[in-house]
Amino acid sequence: MIKKSLNILFVASEVAPFAKTGGLADVALSLPKALREMGHNVIVVMPRYYAIDKAKLTHIEGSLGVPMGYMGELWAGVYSSKLPNSDVLIYFIDYEEFFGRGGLYDHYGEAYTDNDNRFIFFCKSVFSLCKMINFKPDIIHANDWHTAAVPLLAKSRFAHDFGDVATVLTLHNLEHQGTVFKGAMDILECGWEHFNPEAYESVGYINMLKGGIAYADAVTTVSKKYANEIKTSEFGFGLENHIRAHSYKLFGILNGVDYSEWSPKYDDKIASKYSAKDMKGKLLCKRDIQKHFNLEQRDDVVLIGFVGRFAKQKGIELIAEIIEWVLGHDVQIVMLGTGEKWAESYFSHIASRNGSKFAIHVGYSDDLAHKIEAGSDLFLMPSLFEPCGLNQIYSLAYGTLPIVRKTGGLDDTIENFDEAAESGVGFKFEHASPHALYNTIMWAVQTYYNSPKAFKKMQKRAMSMHFGWDDAAKSYDDVYRYAIYKKRVSRLQY
Ligand code: ADP
Ligand code: GLC
């Protein structure tokens, strides 16, 4: 049976390549494109941050009025463009006072104090935009706390025009919930009755994510394992009971990979392209990385890469504990990342003492991220929790075997190496302890040196794996139908 195509409005605070701090931006680029390929009519909306050059966008005539409670109506500009290599339109909400800043969410790690107003404004602008461009969504798909006010806004403040629209909220990371002062209820203008412990309230504050979970018609997260983990106190960041209460509408859908961006066959950012059939180029990529980072030029040494935010989530404290033990062996390590200041200076200090074996680039560089994925033999990702994780999946595509902790999407995507059974694509450990990490790194290093044939076979297995967005898009399609059905039923009941 051919299903009716849907009008989907996808709303996110970051979308690659326009603005990116992490995996959300990759998802917000790839999923709308995959939904479009299924035949849906999709548009994407994000803020126009300072770094997004207006000159490269199309200006939409007219102004967008956004009601902001006692702040009155604020007037924004609207620009548009298309997602690269697609016909999916993306709209940018331009309001200098809120988004004309260097950072997306913070200034060098200090969250902006008006993030509540900034993102409530953004959520509300989505409804005004629909009217301005005459887009009638069947689904509004929101992501993380920044856009989590959308479900309640659709049901309350904008119900007269959007009361029939079903809403879906995707949880990319439970750690960030958008906890703000309760006075922001007056800016939300949805009614103080929603400020209660079953909805928006968390011990006297507004919790945006909590409210979003309560009011969305369906909630998704980015792997099946994480969907279960967040029901526990270890991973729920205080929302575990709330999530359990709403688990009947919670679905785990694994992210995919955009292989036109992340594949050694097509990657223009790496020194030499290669494939599972012809791996010669991978060695050239390794030499390129050694040269770039001024490491000793050696083909026979194992090279371990790390790319990611320097945040506790990513297991950087564990890495800090063991890095000198690992450097006592015949290895090379390269790190690319930015974030917590102690980590930036600690790893830089270790690098300055181990120049020929360990190097770090503190900062954000997409080019370098691709080069490290391609040039490394092993990829380090010992996250304490990981909703999905994209880097370990990119690593598989480049034949760079991941060392991961058994959590969230890392556990769902990486099968552990079993030499006797000739199976597995990476090296996993369970306990978040320095010793477990160290032992697992050593296991991977020994496999590289002592079982080169098994290592190479594992690389081929990794490279043959496929995590396409087409599969994920089909699962989202199912969730959208569920949300629409649920919305209809609830409207019949009230
Ligand atoms: P998270 O979203 O938690 O940061 P993911 O693994 O889902 O983790 O996605 C991280 C994305 O951000 C990947 O595309 C990765 O390559 C990119 N990334 C992270 N840090 C950097 C950096 N310092 N430079 C370039 N890309 C980075
Ligand atoms: C979050 C998670 C990461 C996930 C990404 C995209 O930032 O930390 O695990 O891959 O969102 O969903």
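This is a predicted model: local features need pLDDT of at least 70, side-chain atom pairs count only at pLDDT 80 or more; totals for chains, interfaces and linings use all residues.
Residues are numbered from 1 along each chain as its sequence is written, chains are lettered from A and ligands numbered from 1 in the order in which they are written, and side-chain values use heavy atoms, with hydrogens and water left out.

## Exercise 1: The domains

Task: find the bounds of domain 1 and domain 2, and how far apart their C-alpha centres lie.

Solution. 
- Step 1. Start with the bounds, which come from an automatic or database domain assignment. Domain 1 is made of 7-256 + 470-493, and domain 2 covers 280-466.
- Step 2. Now take the C-alpha centres of domain 1 and domain 2: they are 33 Å apart.
- Step 3. Turn to the contact, where 20 residues come from domain 1 and 20 residues from domain 2. Contact means heavy atoms within 4.5 Å.

## Exercise 2: Ligand 1

Task: describe the shell around ligand 1 and some of its polar contacts.

Solution. 
- Step 1. Count the neighbours: ligand 1 is surrounded by 23 residues, and the closest are Lys 20, Gly 23, Asp 26, Arg 309 and Lys 314. A residue counts as near if one of its heavy atoms lies within 4 Å.
- Step 2. Sort them by class, and you get eight nonpolar, nine polar and six charged residues. Ala, Val, Leu, Ile, Met, Phe, Trp, Tyr, Cys and Pro count as nonpolar, Asp, Glu, Lys and Arg as charged, and the others, Gly among them, as polar.
- Step 3. Look for polar contacts, here pairs of N or O atoms within 3.5 Å. Lys 20 has a polar side-chain atom 2.8 Å from an oxygen atom of ligand 1. A polar backbone atom of Gly 23 is 2.6 Å from an oxygen atom of ligand 1, and for an N or O atom in the side chain of Asn 391 the distance to an oxygen atom of the ligand is 3.2 Å.
- Step 4. Check the cover: ligand 1 taken alone exposes 560 Å², and the protein buries 94% of that. Such areas come from the Shrake-Rupley method with a 1.4 Å probe.
- Step 5. Finish with the secondary structure, using DSSP runs: helices (H or I, at least four residues) and strands (E, at least two), numbered from the N terminus. β15 gives the most to the shell around ligand 1, with three residues.

## Exercise 3: Ligand 2

Task: work out why ligand 2 lies between domain 1 and domain 2.

Solution. 
- Step 1. List the surroundings: there are 14 residues around ligand 2, the closest being His 172, Asn 255, Glu 386, Cys 388 and Gly 389.
- Step 2. Follow the polar contacts. A polar side-chain atom of Glu 386 is 2.5 Å from an oxygen atom of ligand 2, and a backbone N or O atom of Cys 388 lies 3.0 Å from an oxygen atom of ligand 2.
- Step 3. Draw the conclusion. Both domain 1 and domain 2 give residues to the shell around ligand 2, so ligand 2 lies between them.

Terms used
A polar contact is a pair of N or O atoms within 3.5 Å; within protein, one must be able to donate a hydrogen and the other to accept it, and residues adjacent in sequence count only if both atoms are side-chain atoms.
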